[in-house]
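Dear colleague,

I am handing over the structure below, and after it I set out what was found there. Please read the notes alongside the model.

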Amino acid sequence: MESRTFQVLEFPKILGVLSGFATSEPGASECLNIHPHSTLEAVLLANELFDQAASWVGESGFRMRAFPDLGGIFPHLSSELAVLDQDALFALKIILDLAMEARESLSRFEDRGWEVLKSELFAYDWPQKTVSGIGRCLDAEGQIRDESSPALMDVRQEIRAIHQRCTKRVKDFIIQENMGAAMQDEFMTISSDRYVLPIKANFKNKTKGIIHDYSQTGETCYFEPIFLVETNNRLQELKREERAEEYKVLQYLTGLIRQEKPQVSDAYRGLVTLDVLMAKVRLAGVYNGRTIEVTGEGAPRLLKSRHPLLALTDESVHPLNIELEEGQRAMIVSGGNAGGKTVCLKTVGLIGLMAFSGLPVPAAEGSRLPFWSDIFVIMGDEQSLEENVSTFTAQIKYLRRVWDQVDDRSLFILDEFGAGTDPTQGAALAQAVIDSLLEKRATAFTATHFPALKAYAMATRGVRAASVLFDPDTKKPLFRLAYDQVGASIALDVAKEHGLPNEILERAEKYLLLDGSDTTTVLDRLNAMAVKKEQELDAIEDERARIEKKRANLEAKFEKERVKLLKDVQSKAQDVVKQWKSERIGRKEARKKLHEVRLRIEDIAPEREKEPAFSFSDIVPGMKVSYLAWNKSGTVLEINDKKKQAKVDIGGVAMWVKADHLGPAASGGSGPAKPANAKAPAPSDLVVEVDLRGNRADMAISELERAMDAALRKGAGRLEIVHGRGTGALRREVHEFLKHYPAVESFALAPEDRGGDGMTEVTLK
């Protein structure tokens, strides 16, 4: 794609804004180098990468921190003699620490399926040796630790010991020699890596020693007493040894990095890529941008699109719906000056460049573009005085130069093509160019004032006419597009709006009437009708949004009330159970009250599902139905015509249910299901255990019923009932219950090594 296209459509300005959102210099530089991808597959991958990154950032809250530019160290490592200094190693530590934070953050969302993001950022093997080595040898401030090597620790310990001895000897010296009055603020300092005393200059001859330097004012001299000379000499030797040991540590760490250079380089490049992705996410947040669908072919469709640069600076930019219908490959936009024709064309071109570069664009969901491998633009004043080229000549030269490159993967934008010559010939030439573009199956967007080209747009197959709208009363632009019609140029109105003298305007109107080609009245009526149509569509859209909002509020209110009522019912059910357990009510009365509570639930739950309910006459034995209160499917076993009820087998539990509480099975089929006695699918491997020891028989059976229900809801295949040995009375009650429970396929005492006759193992249907 030509660099001229980028400049005319102002793509570098978008990249400049994007780079401002990067947190690092390499990230900002990478943003400025973004360009459209050359294949559709690369575009789709870039869009998927952005979408996953935006989702991850939104869920994790991960934020980038600034990190240094390390691009230069990798060529430096190519030399076997190269050794990285302390600053480079510390910068690498910062980068690897940040990369590890990002890896750990993303690893917490493995269930999201963000494989593209993971592979693009962290597909490399982690440079564990380098990370461990740098972490062991450098502290949080980037200084080499004493523990980096035994020799370094020994040297530094001796240096610290010398410092302590010197401090003590200096204090003793000052006291013995009565030098307190000669001293400045500090007792001892370092000059040229030697311990010295900062004394007042007029005391320099009071004792023997060496003067190393003076302060800028000359009032303080840095004096090395004779008794410190030998110690300082030893200190110099130790400092040299320390530097040598530190250099060995740097060599060692550099060797580790050189061994894992590909992994370290990939970690750095991954972090730069992540910085660019985060910048894209921030850019999207500024103008509510998103990636749009890019297809191999089809008509472009941009919904509520805004020019990206205008959307960045002005939140009130009017969105445009720019779309061609299937089979159309060209759009001709007409209408008055300052109405937004050029902005419309630039919006298509710039959004195309951004979408093919993997950038989020200011357009609504449902937008799409076909993949254009080339975008050609003729726009603005192409005149060049230096090259002695007129606007029209420049347009023709550009068209001639790029014509052989145009194909069915091209977008051609023509703004006022042919306007620099005779209108009749210019319009004819513009029509011929669009005809030829259609033959090449290229996509074309054109803005024009030529009446002939407007008529061509209305009459030519594969071309769509559009008009920018103006307020019928004020003649001010509305920055809206109306399709399948043409618009008046309203040059006189625009000239009047911008202060052209009245006498000139009056003469122009007379000449226009004399010419007899004024179609302003007709086009004004078309504009007024289009404005009215757009207003009606806006009103319909507003009403639809209002209804949707009202519906959402009602659903939220209903759900809130339903949950509240269900909690109330559950609370009452729990109270009944508590009363029964405390023996305040009998078992029969408790079951009666629980039945009443269940009926309340059945009255509540079907409210959401009234539509799928059907009448009793629809139900036949063997039919698959859905029990709406539980949202479970079952099979009709028999029906009771008198009570209008059906006996339904739900997961092995048979119960009588009112027809009003039944609906079609979730699968949608209402035909005969397999017989109730047909072999059920193999049970799951889930085993549920229930311990009944210590309970009376009636309470134990009630507890067993609840355990059975829970096991069936979970889809368990087996149940283990611990009832103990004792007198065997509880075991007999349990076995009697299991004999008549419909969901039990078989039961038997457990093997001796698993509890023997103290536990019963149950196989569920």
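A crossing is called left-handed if the near helix is turned anticlockwise from the far one by less than a right angle, and right-handed if it is turned clockwise. Helices here are DSSP runs of H or I with at least four residues, numbered from the N terminus. By that convention, the crossing of helix 6 and helix 8 is left-handed.

This is a predicted model, in which local features need pLDDT of at least 70 and side-chain atom pairs count only at pLDDT 80 or more, while totals for chains, interfaces and linings use all residues. Residues are numbered from 1 along each chain as its sequence is written, and side-chain values use heavy atoms, with hydrogens and water left out.

Helix 6 (residues 86-107) and helix 8 (residues 128-137) pack at an angle of about 120°, their axes 10 Å apart; axes are lines fitted to C-alpha atoms over the stretch in contact, and angles run from 0 to 180 degrees between N-to-C directions. The two are therefore oblique to each other, since angles under 35 degrees count as roughly parallel, over 145 as roughly antiparallel, 65 to 115 as roughly perpendicular and the rest as oblique. In the contact (heavy atoms within 4.5 Å), Leu89, Leu92, Lys93 and Leu96 of helix 6 meet Thr130, Val131 and Ile134 of helix 8.

Helix 11 (residues 261-287) also meets helix 3 (residues 25-32), where the axes come within 9 Å and cross at roughly 65°. Helix 3 and helix 11 are therefore roughly perpendicular, and the crossing is right-handed. Pro26, Gly27, Glu30 and Cys31 of helix 3 make this contact with residues of helix 11 that include Tyr268 and Arg269.

Just after helix 11, Asn288 takes a positive phi of about 55°.

Phe74 belongs to helix 5 (residues 73-76) and Tyr268 to helix 11, 194 residues apart.

Best wishes
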